[in-house]
Amino acid sequence: MLNIAVFASGRGSNYEAIQQKIDKGNINGKVVCVVSDHANPGVFERAKFRNIPTHTINRKQFKSGDDYVEKLLNTLADYNTDLIILAGYLKLIPTPLVNAYPHRMINIHPALLPNFGGKGYYGMNVHRAVVESGVNVTGITIHFVDEKYDNGSVILQKEVKVEPGDTPEMVAEKVLKLEHKYFPEVVRLLCDHKIKVIKNKVVIENE
Ligand code: GRF
């Protein structure tokens, strides 16, 4: 059973999708804490409802970057965290954290990386850019986290069509459906140790 820490900045619908699969016993893991850079994000309500501890940890609360990183690392260690899931977390993960959890930290991005990713590409900005560019497919990317935004090895990508006349809101809705379906699935596979990294390439074992 893996101990999972979820990092989220907002409403937490992806956290909810994962937690519901856990509650049903479909994932061999449990969420031990939810961490946010915000004081009272929607995701905290969802966690508190299940008595899961929440922590606000923001660089601005600390005198130095080292103190901030130490707080993050200590909090994760306090819960014997095995796996970190970034589910709508908007801050860059400090390098010492990336190094402490090699191939044990994943993120979901609401587009097909390497397109429409990196600094500034979050939330509706992504879907607006997709619609403005005129591409006819978009999708989701679930990837391991490294020290750059939206940059680590890709675990899974799924596509969805962008139809003529789709608004960014319509695209967001289609993409979110994919997120809620596949993010819990990747978490399940990770908790079953079915995802390996061999020479920087992610391999998903057959079940
Ligand atoms: C999702 O679109 C996710 O891909 C992105 O941020 C959004 C978070 O949504 N990284 P929610 O907070 O999980 O509802």
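How many nonpolar, polar and charged residues does the lining of the second largest pocket have? By class, this lining has six nonpolar, two polar and three charged residues. Keep in mind that the model you are looking at is predicted.

Let's stay with this pocket for a moment. Its volume is about 180 Å³. The residues lining the second largest pocket are Leu2, Asp82, Leu83, His103, Arg104, Phe144, Leu190, His193, Ile195, Lys196 and Val197. Strand β8 (residues 195-198) gives the largest share of this lining, with three residues.

Now for the largest pocket, which holds about 770 Å³ of space. It is lined by 38 residues, and those closest to its centre are Gly88, Tyr89, Leu90, Tyr122 and Gly123. At least two lining residues come from each of α1 (13-23), β5 (105-109), α5 (124-133), β6 and α6 (168-191).

| Pocket | Volume | Residue classes in the lining |
|---|---|---|
| Largest pocket | about 770 Å³ | 16 nonpolar, 15 polar, seven charged |
| Second largest pocket | about 180 Å³ | six nonpolar, two polar, three charged |

Strand β6, one of the elements that supply the lining of the largest pocket, spans residues 137-144 and includes His143. Is His143 buried or exposed? His143 counts as buried because its relative accessibility is 2%, and the cut-off for buried is under 20%. Leaving aside residues up to four places away in sequence, His143 touches Met105, Ile106, Asn107, Leu113, Asp150, Asn151, Gly152, Ser153, Val154 and Ile155.

Conventions:
Residues are numbered from 1 along each chain as its sequence is written. This is a predicted model: local features need pLDDT of at least 70, side-chain atom pairs count only at pLDDT 80 or more; totals for chains, interfaces and linings use all residues. Side-chain values use heavy atoms; hydrogens and water are left out. Helices (H or I, at least four residues) and strands (E, at least two) are DSSP runs, numbered from the N terminus. Buried means under 20% relative accessible area, exposed over 50%, partly exposed in between (1.4 Å probe, protein chains only). Contact means heavy atoms within 4.5 Å. On a 1 Å grid over the protein atoms alone, a cavity is a set of points where a 1.4 Å probe fits but cannot get out, and a pocket is an open set with protein on both sides within 12 Å along at least five of seven lines; lining residues have an atom within 4 Å of a point. Grid points are joined across faces, edges and corners, and a volume is the space filled by probe spheres set on the points. Ala, Val, Leu, Ile, Met, Phe, Trp, Tyr, Cys and Pro count as nonpolar, Asp, Glu, Lys and Arg as charged, and the others, Gly among them, as polar.
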